[in-house]
Amino acid sequence: MSKLYFLVPNADLAARIVAELKLNGVYEEDIGLVANDQVALDDLPEPDLIDRSDIKPALKQGAAVGGATGLAAGVLAAVVPGGFVVGGAALAGMVLAGGAFGAWASSLIGVSVPNREIKEFERSIDQGGVLLILNTTEIGRDEAKRLVIHHHPEVEFGGEEGAVISAAS
């Protein structure tokens, strides 16, 4: 799944774009709008927990750190005098357990931290713009860009998940 970010100048245009996306087969669950408190989004779709929070990067980082810690603990247990013999399966189990624990622990933190990619658009959002987040599961990235940008040249493409265009903020 690819997540695309678009900066829309106002809520009225955002509502029209959402309607067009739905007519073209995009599910409402794949659309999320972020605006400041003074912009009324009425019944327009809000971003879900994954879009609003930093849970995905936190999961990845926690799994990596936890897995590395589990590997280090397993190797240390094998080389310390008086330690126990650690076979391949036990070592793999320690890596998996460490990764799972790290992912769980860091996701608890990540869920409470705002999405770092949305932060790139804070200035535009504060000035009254609307950030459209589009998960392209049902239509391709290029088709989504065509539907939004080519039909509405006043909308600015903000980038993709993992590659946000910081100049857009």
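Modeller: A residue counts as buried when its relative accessible area is under 20%, and as exposed when that value is over 50%. By this criterion, 41% of the 169 residues of the protein are buried in this predicted model. The accessible surface of the protein comes to about 9,300 Å², and carbon and sulfur atoms account for 59% of that area.

The protein has 7 helices and 5 strands, which follow one another along the sequence as β-α-β-α-α-α-α-α-β-α-β-β. Of the contacts between residues at least 6 apart in sequence, 78% join residues at least 24 apart.

The helix to examine is α7, which spans residues 141-150 and in which Ala-144, Leu-147 and Val-148 are buried. These three lie on the same side of α7, because they cover an arc of only 85° around the axis. On the face of α7 turned away from the buried side are the exposed residues Asp-142 and His-150.

The cover over the buried residues of α7 includes two strands, β1 (3-8) and β3 (130-135), together with helix α1 (11-23). One of these, β3, also pairs with β2, in the antiparallel sense and over 4 bridges. Within that pairing, Ile-31 has Leu-134 of β3 as its bridge partner.

Strand β2 itself, residues 31-34, sends Ile-31 and Leu-33 one way and Gly-32 and Val-34 the other, and all of them are buried. In a regular strand, side chains alternate between the two faces of the sheet.

Phe-101 and Trp-104 both lie in α4 (residues 88-110), 3 residues apart, or about one turn of the helix. Both of these residues are exposed. The protein has 3 aromatic pairs in the count; Phe-101 and Trp-104 form a tilted one, with 5.7 Å centre to centre and 45° between the planes.

To return to the part requested, Ala-144, Leu-147 and Val-148 are the buried residues of α7, and β1, α1 and β3 are among the elements that cover them.

Definitions and conventions
Residues numbered from 1 in each chain as written. Predicted model: local features only at pLDDT ≥ 70, side-chain atom pairs only at ≥ 80, totals over all residues. Heavy atoms only, no water. Buried < 20%, exposed > 50% of the residue type's maximum accessible area, 1.4 Å probe, protein only. Contact = heavy atoms within 4.5 Å. Areas by Shrake-Rupley, 256 points an atom, 1.4 Å probe, with all protein chains shown as cover. Arc of directions from axis to C-beta. Phe/Tyr/Trp six-rings, centres within 6.5 Å; stacked < 30°, edge-to-face > 60°. Pairing = 2+ DSSP bridges.
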